[in-house]
Structures are given as structure tokens and as C-alpha cells.
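Take a moment with the chain below. We will follow its charged pairs, then a strand, then a pocket.

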Amino acid sequence: MKSDYTDVAIIGGGPGGYSAALYCARSGYSVLVLEKLSPGGQMATTGQVDNYPGFDEGIDGFELGEKMQRGAERFGVKTEFDEVVSVDLASSPKQITTTSGVINAGTVIIATGASPRLLGLPEENALRGRGVAYCATCDGQMYKNKTVIVAGGGNSAAADALFLSKICSKVYLVHRRDSLRASRIYQEPLEKSGVEFLWNSRIIEILHDKRVNSVRIENVKDQSIRDIPVDGVFVAIGRVPDTELFRGQIALDPQGYIIADETTRTSIPGVFAVGDVRTKPLRQIVTAAADGATASHFVEEYLM
């Protein structure tokens, strides 16, 4: 197996990872980004990104990921498309084992992100980007003046429904209980928003041709079923942080996110967490990129 050393090893090639890579490389450090799929992370699955500054007409998420990769590599960042199978974050240097070999690193930046929790319907993945979405602020503009349904009952679902109610002609909110789990602060605005609540209900099928055209709803109390025509389905039932690889080595919160404050420093010196994988109030492309810039400052402080 090969064994290489790098000043900064970044696990994950999303906006947080490549922002950190860019800043660290410009500070003169050797930087290696390890990405198992493609540059951009979750961002790459978004067809149109309209809320990242600098692109007045929006940009495809995959294209934005590639631009971030090229921008970092311009300053010497190396990218390896490889899967990390284990880490030893307490060792010195820190060790990352991939399917190709072992990486020794002075510091590690974890940028593995979080994936949206799925409804679990067989047609769901195939319709992603064709009527099924997981981020209202990312994809909502594509459904302007259209009819959509939001699945969920927590703060994310309430916030998404409120956001969409301002741009869509009709918004449904479907929840398997008879009241929201969302904070009280959302209750009154939602009641005034015109959002129609489908209580004690769940989506059991997403109907479609090339794109979503309706959903099949089941009432969980009386098992009655009805179809509702919609143009889009926004799934907001939580996210799953990609942190299993680090469990037992680094402090996680009860939801599994890495505990890291605005410095991005974790419970282990020399290990940082950026983007959606860390505890934070807002998970967006721009906040992930900001985390990367912040992490580079504390990486430099640690390596000096």
C-alpha cells in the first residue's frame, strides 16, 4: 500500500472542502482532497443553484462543484477520487486509510456533509431533480407559480413551506401526526400563509410521467387514499450526517453531527469540521464555503 504525507487532508469535496483546500493551498500548505464520488457533494445533485453569490443567472450544481475543484487545483491542491475506509485521528501524524493506501496528514478537515433523509419510496431517487427536491431555498424558484407539497412536520418542513408559500401558487404540507413538531414561532405565520395541511397523512407513492405530476396520500388513521396533483415534492424529514467513520473518535451531538463551533475546531486538536457535517444553525452552500475559509485560519495556527 502506498503511504503519502500531506499537511492538510480534506475528506469530502463539497463547497466546504474545496473552500478550505483553496485557502490552505494559498497559504503554502500541501493539500489533498479525498472525494469518493464527484466534486460538489450534495450540491452536485442540484440542477439549478440560484442562491450562491456571483452567478446572476444561477448555475448548475455539478458545474459549480467542478469550478470549485479547478479553482483550488490552480494553487496546487491535489484531488483523489477514493473512498476513506478508516481513520486514526489521535495519531501523529494523523492517518487516513483509503481503498488505495494510507495518507499521513498533519491536519484533517472533515467535510463529509449530510444527506437528506429519504421518504424511502422506490421511485424517489429516479425523480430527484425531476420534481423531487430536498432544499426549498435551493430549488424553490423552479416551482414559481406552481403547486408543491412539503413532507415533514419539524422546523425544516415548516420553514420550507413558508418559503414556498411566497413563490408557489399552492403549497400542501403533509404530516403523519395531527400537529407540527416545529417550534411555536412557525405556527402563526403558517396559519396565515395559505398553506393547506394534510394531517395524519403520508405520501405512499409519487406519480409521474417524465416528471412528477401527483402524489398518492394515505390517511394513517382510516387508511383512505387520494391523489393530489402537484408539480413538485419537497422532502423535509431531516438529514443524516455522514459521520459513522468518525464515531468513537470524535465528539458528536445526539443527532450525529460533529460538535464544532464557529472556529470549526473539533474535540481533537488538528481536526476540523466544515459544512453540513458540523453542528450549525444553517446549512447552505455559502455557509459551507465560509466554514472552509475559517478552518484554513485555524489549520495555519495549528501547523505553525
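Arginine 216 counts as partly exposed, at 26% relative accessibility. Here buried means under 20% relative accessible area, exposed over 50%, and partly exposed in between, with a 1.4 Å probe and protein chains only. This is a predicted model: local features need pLDDT of at least 70, side-chain atom pairs count only at pLDDT 80 or more, and totals for chains, interfaces and linings use all residues. Residues are numbered from 1 along each chain as its sequence is written, and side-chain values use heavy atoms, leaving out hydrogens and water.

What does arginine 216 form with aspartate 227? The two make a salt bridge, with their closest N and O atoms 2.7 Å apart. A salt bridge is a side-chain nitrogen of Lys or Arg within 4 Å of a carboxyl oxygen of Asp or Glu. This pair links distant parts of the chain: arginine 216 sits in strand β13 and aspartate 227 in strand β14 (residues 225-229), 11 residues apart. Helices (H or I, at least four residues) and strands (E, at least two) are DSSP runs, numbered from the N terminus. Aspartate 227 is partly exposed too, at 39%.

Strand β13 takes part in another pair. Arginine 202 forms a salt bridge with glutamate 218, and their closest N and O atoms are 2.9 Å apart. Arginine 202 lies in strand β12 and glutamate 218 in strand β13 (residues 212-219), so the pair ties together parts 16 residues apart in sequence. Glutamate 218 is buried, at 14% relative accessible area, whereas arginine 202 is partly exposed, at 33%. In total, the structure holds 11 salt bridges.

Now turn to strand β2. Is it enclosed or open? Strand β2 runs parallel to strand β3 (residues 78-81), joined by 4 bridges. Strands pair if DSSP finds at least two bridges between them. One partner of valine 33 in β3 is threonine 79.

By class, the lining of the second largest pocket has 6 nonpolar, 4 polar and 4 charged residues. Ala, Val, Leu, Ile, Met, Phe, Trp, Tyr, Cys and Pro count as nonpolar, Asp, Glu, Lys and Arg as charged, and the others, Gly among them, as polar.
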